[in-house]
Amino acid sequence: MEGMVAKWYTTNTGKSLDEFAKLARRVANQLPRGSSVLEVAPGPGYFCVELAKLGSYSINGLDISHTFVEIASQKASEAGVSVDFRQGNVSDMPFATDTFDFLLCRAAFKNFGQPVRALQEMCRVLKPGGHGLIIDLRKNASMEAINHEVDGMGLGPINKVITKLTFRTFLLKTAYTRQQFQQMLAQANFRSVDIQEQGIGFEISLTK
Ligand SMILES: C[S@@+](CC[C@H](N)C(=O)[O-])C[C@H]1O[C@@H](n2cnc3c(N)ncnc32)[C@H](O)[C@@H]1O
């Protein structure tokens, strides 16, 4: 079952490769070559692969799913880039304190069983002065905005219906409000935090 869902997600999001490439360019524009980067919960690894194509970064991805680690590793080798994808839990990351210059967590935070602990771990593994970016759905995104977003994903008619239903029944229920994010972030040690509404989600910029 997990494998089936992982493959469905990989194919679906693979249709939005432009989005991942755009995000990678945005990150690369602000990140000196040679920087160490972590994607928390990379799933199929599209962002890491796109970033690796843009420069000589040291890139790690940590995902709890063995299936996704396999899929992401294969995507990297198909693209001829080097990314270290490992299996592990965001609540207890197998990385030393003060390791990364930049960290991304996209479309995954709402799935974490211990969200405060996840933020504390993200803060721990960032270098002092390092930056984090969390992108996730916001609880008050309207169904109209979500439908519009899904319509732009390039999916076939059946997948479109399934994806809209997934947002409505599952994703929105687990999404957080701005206030909930603020309360959780107050329990981690970031030096600065900025929460912006962007489309159907939040973009949360963090500095350690
Ligand atoms: C919806 S996918 C997002 C994948 C990717 N970031 C993207 O933007 O397409 C959510 C990912 O979170 C991972 N995940 C869920 N809980 C996790 C945890 N506690 N630690 C690490 N990864 C986790 C899942 O295995 C899955 O790969």
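N159 sits in helix α7, which spans residues 157–174; helices here are DSSP runs of H or I with at least four residues, strands are runs of E with at least two, and both are numbered from the N terminus. The structure is a predicted model, in which local features need pLDDT of at least 70 and side-chain atom pairs count only at pLDDT 80 or more, while totals for chains, interfaces and linings use all residues. Residues are numbered from 1 along each chain as its sequence is written, and side-chain values use heavy atoms, with hydrogens and water left out.

Setting aside residues up to four places away in sequence, N159 touches W8 and N12, where contact means heavy atoms within 4.5 Å. With N12 there is also a side-chain polar contact of 3.1 Å. A polar contact is a pair of N or O atoms within 3.5 Å; within protein, one must be able to donate a hydrogen and the other to accept it, and residues adjacent in sequence count only if both atoms are side-chain atoms.

We can turn next to the ligand. It is surrounded by 18 residues, and the closest are Y9, A41, D63, N89 and R106; a residue counts as near if one of its heavy atoms lies within 4 Å. The side chain of Y9 places an N or O atom 2.7 Å from a ligand oxygen. A ligand nitrogen lies 2.8 Å from a polar backbone atom of A41, and a polar side-chain atom of E39 is 3.3 Å from a nitrogen atom of the ligand. Of the 600 Å² of accessible area that the ligand has on its own, the protein covers 88%, as computed by the Shrake-Rupley method with a 1.4 Å probe.

Finally, E70 belongs to helix α4, residues 66–79. Is E70 buried or exposed? E70 is exposed, because its relative accessible area is 60%; buried means under 20%, exposed over 50%, and partly exposed in between, with a 1.4 Å probe and protein chains only.
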